[in-house]
Amino acid sequence: MPIIEMKKVFLLGHRQEREKIFDLLHRLGTVEMLDVKTTDAWEEFQELLHPEELPESASRIDSRRSDIRFCLDFLQRHFPVRKNMLEQFTGKKVDLPEEQYNSYINSLDKIDHIYKTCRDAEEKLVRIRNEETQSLNLIEELKPWVSLDLPLEQIGEGNWTVMGLYVIPAEQFAGLQEALAENISDFYLEEVFSDEDNVHFFFSGLAEEKQAVRDLFREKTASSVMFPDLTGTPGQSIEYLNQRLDELKEERSNLLNEVETLLEYRSMLMACYDYMDNEYEKHQAMVNLGRTDNSFLLEGWVPVPVLGDLESAVNNETETAVLASRDPEPEEDVPVLLHNSGPVEPYEVVTKLFSTPKKYELDPTPFMAPFFFLFFGICLSDAGYGIILGLLAFFMLRKLKLGQSGKQLLNLLLLGSFSALVFGLMFGGVFGDLIDLPPILFDPLEEPMIMLVGALGIGLVQIYFGMGLQAYRNIKAGEPLSAVYDQGFWFIFLNSLILLIVGWPPAQWF
């Protein structure tokens, strides 16, 4: 059966062997754990069991995991690992020998030093980045004042005079000059820079008329500009800020050179992160248990083909654990595991792309596979592209380490390349019209109606096949009337429509 039968399992063990049992289950990877508190077992044993709490060690593991994640993100941000096209398509994993992996795991004590180095470097880089931003912003603010020869530290309010830098909308500048001339007895105003929108100017006047000047500036929407932390003329300040930017750039370069020495630990960090992540997931899974003072109860689903191996492992590797199993109840939500073999297996990717069937449903994969194979070839129908696609898929399968889904996808493309090759030869398509190859059947461009009618016929076959399959499912589920009303009437309608289009039966029959 493409859909593998599942069994509900219950594992009872002593708390002293809890870690050992979880390591065993994690290594086998065949049990889908359930939260005991949400199952029927909790209702039966609620008076005896207590909810399991997250162990204190989980928070320490999570903290260490976060530290490692920070280090990896920090290194990736400044020294990214580039992926080529194939790696972006299939993903990339580091392949480590078991001895090296164990060596890395035994080096967890180095994580604190690496984390502290990365954290200190990050704080310094943030400071450099903030200072660079401030310097660049100051340079932009100083550029309109670059022609001013007056040192910035001398601009301000004194006992007898006041001086300042101001910006005013261009259309208000002439009105401000007139208002100053009419209302202020003595002042000096110099236009430093202007553009279409604003005028930047320097103003100097008597301290006793300071309030009157402020009122006029407020009325004409002139705003003050100040550079309290700068000394020298604006031109000198810009020169100093540019020098400071060069110093910051050199400081960053030296800092990153120091950080680059940490790249030798990147593989170790990856291995340690995976290890700590697995440990954290195991501790998180313990929350799904029910417990007494001395024992615990675990509940989950196991595929029937591996149930025997699980029972043997539990019996041989533990002293207190007891494993029991039963068939699923009709109302239980059972996980679905597909198991197709041969050329049908790659098409599980298409099934999973939409949704896996329920436990009581048929697996559509073996029924959909031939139509997918057929339509893929018809749509591409080019022998040249089929050969290239097949070679690429074969190369990636041989050279890349992929998970099950990745292998299925590439095998799907490999099968599709054969279909494209066959239909390309049948229709005479090799790299479009680049190579003039006579078709075995016909040329769809020269005889499009044959192609359209053929595609329509194959589509009707698929529709009838799908309707027949659904009718079979309804009958098997004990709903024969649904097969009659939902599929039977559609058969009648579609057949009648086809007969109407082809003009059969002849009118003289009536």
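Good morning, colleagues. Please bear in mind throughout that the structure before you is a predicted model.

I begin with the chain as a whole. Its secondary structure consists of 17 helices and 10 strands. The radius of gyration is 39 Å, whereas the globule rule gives 24 Å for 510 residues, so the chain is more spread out than a compact globule. Along the principal axes, the C-alpha atoms occupy a box of roughly 110 × 85 × 45 Å. Of the 510 residues, 35% are buried. The accessible surface amounts to about 31200 Å², and carbon and sulfur atoms account for 56% of that area.

If we take the contacts between residues at least 6 apart in sequence, 78% of them join residues at least 24 apart.

I turn now to the aromatic residues. How many aromatic pairs does a search of the whole structure find? The search returns 19. One of them joins Tyr 464 and Phe 491 in a stacked arrangement, with 5.4 Å from centre to centre and 15° between the planes. Phe 491 is partly exposed, at a relative accessible area of 24%. Elsewhere, ring pairs connect Tyr 166, Phe 173, Phe 187, Phe 201, Phe 203 and Phe 217 into a cluster.

Is Leu 24 buried or exposed? Leu 24 is buried, because its relative accessible area is 3%, and the cut-off for burial is under 20%. Leaving aside residues up to four places away in sequence, Leu 24 touches Ala 313, Val 314, Glu 317 and Thr 318. Val 314 is 290 residues from Leu 24 along the chain, yet their C-alpha atoms are separated by 8.0 Å.

The other residue is Ser 237, located in helix H9, residues 234-260. Ser 237 also counts as buried, with 2% relative accessibility. With residues up to four places away in sequence again set aside, its contacts are Leu 142, Leu 152, Leu 230, Thr 231 and Gly 232.

Thank you for your attention.

Definitions and conventions:
Residues numbered from 1 in each chain as written. Predicted model: local features only at pLDDT ≥ 70, side-chain atom pairs only at ≥ 80, totals over all residues. Heavy atoms only, no water. Helix = DSSP H or I, 4+ residues; strand = E, 2+ residues; numbered from the N terminus. Rg over C-alpha atoms; globule rule 2.2 N^0.38 Å. Buried < 20%, exposed > 50% of the residue type's maximum accessible area, 1.4 Å probe, protein only. Contact = heavy atoms within 4.5 Å. Areas by Shrake-Rupley, 256 points an atom, 1.4 Å probe, with all protein chains shown as cover. Phe/Tyr/Trp six-rings, centres within 6.5 Å; stacked < 30°, edge-to-face > 60°.
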